[in-house]
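Let's take a friendly walk through this model, one piece at a time. Have your viewer open and follow along.

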Amino acid sequence: KVVLNPATHFRNLMSNSILLDLSGLPIEKQGGLWLMSLNDLLRNGKITTLAKRHGAILNDFTTSELRQVYNGLLESPSGTNIIEKIAQVGSKTFGRAGDVYQAEEQVGKLVKFTWEIQQGKSPREAAKLAQEALFNYSKVPPLVRRLRESPIGVPFITFPYKALPAVYKAIERNPLSVLKYEMIFSAIDRASATMRGLDEDGRLAEKRLALKQDRLFSRFIGLPFTDSGGNPYYLDMTYILPWGDLGEMGQFPGVPAALSPGGLAVPLFQLGFNRDFFKKPIYNDALGTTENANRIASHIVRSYMPSIFPGGYSVERLKSAVYGMAQRQTGIPQSVPSAVAHTMFGIKATAVDIDGMRQMQLSVLEHQREDLGIEFSRKSRELSRGIITDEEFERSRQALISAQQRLMEKGREIQDLGTK
């Protein structure tokens with residue numbers, strides 16, 4: 001279903017552009033090269049023929065498939081809009097999702113090949129550098145292939161498997177090739193906070209309340225504007241930066257997002273545990289059978305069908321934005337331009353309800369305090385029944401008191417954040 005999501009491909013192209021930059025092709029020089037390379041590839045021109053001859057791009061997958069996409073998007077008579085056209089092109093042209101990504105990689109490699117030829121490299125050298133700059137999704141070890149294709153495997157393991165070594169090599173060769181992005185994003189984040197009237201303490205407090213804390217890498221960038229309710233916007237670069245999901249945890253506790261199990265079986269596991277992708281209940285026993293059946297059906301449709309299809313997350317996001325309804329993830333309305341950028345172009349710039357996030361964090365602490373009270377009652381019953389000794393009970397009581405004090409201190413910190 002991912003292959004039919006337009007945002008996926010825009011993000012992939014942006015990531016490829018950054019990877020090319022890391023390889024030594026400055027990002028500001030790429031614009032004309034992308035257009036020139038795509039045009040040459042569609043015509044099977046001179047530079048494409050040279051690239052094929054020296055192994056920079058594949059011989060058996062370039063022009064014909066790209067031309068089918070090109071013609072399908074621009075000339076498809078049956079598609080009434082861009083979404084239908086993308087769906088038709090994807091279903092007719094590509095038998096496997098990897099083919100679409102591979103086509104995008106081929107154009108990127110031709111961009112790199114063209115650049116290196118312009119810099120005076122020989123075709124053989126240029127081809128080698130093009131192959132190193134981007135990667136072939138089909139060339140992976142058997143274990144990675146099995147993990148990627150298994151019904152309960154790790155479908156998105158290929159990109160981090162390929163990208164992280166490339167990022168490491170770029171840092172080893174020239175640390176500033178990566179750090180410049182972090183410095184730019186950090187500068188934007190701080191300047192945006194200043195423009196919204198926040199000092200450094202206020203900026204950090206806001207990011208903590210928004211659960212978008214500063215990390216090793218700047219995945220969440222504060223923007224200089226707010227929505228109609230005064231909620232600040234954040235730009236999420238997690239799936240655009242090749243290193244963006246480093247350290248991000250997935251929906252399975254303790255498992256990084258890039259290594260989280262996926263595939264056809266996961267939605268059924270989610271149904272069994274009654275938790276969707278956002279860790280929210282899928283059905284509710286207090287509701288009627290009909291309503292729960294509708295919720296289960298909706299979960300199945302969203303899990304297996306492309307998000308741009310009716311009932312999918314992208315359609316729900318766009319519909320909520322048009323009607324001014326609160327978004328599932330943020331709990332507040334999203335503007336139509338922001339929703340379109342999110343669903344169609346993969347640019348996740350969303351507003352965050354800071355006060356709402358404060359209350360949510362306090363609510364979580366309150367539930368944890370209630371759990372401590374329940375544990376104290378259990379230990380008291382064990383003491384009265386002679387299951388534990390007075391000394392064991394006292395140790396448990398002291399540990400629970402310490403935990404209670406830590407929770408109260410954390411609650412005070414959250415209450416004070418951004419209020420001084």
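Which residues of strand S3 (residues 348-351) point one way, and which the other way? Lys348 and Thr350 point one way, Ala349 and Ala351 point the other way, and all are buried. Buried here means under 20% relative accessible area, exposed over 50%, and partly exposed in between, with a 1.4 Å probe and protein chains only. Helices (H or I, at least four residues) and strands (E, at least two) are DSSP runs, numbered from the N terminus.

A word on the source: this is a predicted model, where local features need pLDDT of at least 70, side-chain atom pairs count only at pLDDT 80 or more, and totals for chains, interfaces and linings use all residues. Residues are numbered from 1 along each chain as its sequence is written, and side-chain values use heavy atoms, leaving out hydrogens and water.

Back to S3: strand S2 (residues 232-236) runs antiparallel to S3, joined to it by four bridges; two strands pair if DSSP finds at least two bridges between them. Tyr234 has Thr350 in S3 as its bridge partner.

Next, look at helix H11 (residues 200-209), whose buried residues are Gly202, Arg203, Ala205, Glu206, Lys207 and Leu209. Among the elements that cover them, by contact (heavy atoms within 4.5 Å), are S2 and helix H16 (354-384). At the start of H11, a side-chain oxygen of Asp199 comes within 3.3 Å of the backbone nitrogen of Asp201. Just after H11, Leu211 has a positive phi of about 60°.

Finally, Asn44 sits in the loop between helix H2 (30-43) and helix H3 (46-53). Asn44 is not a glycine, yet its phi is positive, about 55°. Most residues other than glycine have a negative phi.

Key. A polar contact is a pair of N or O atoms within 3.5 Å; within protein, one must be able to donate a hydrogen and the other to accept it, and residues adjacent in sequence count only if both atoms are side-chain atoms.
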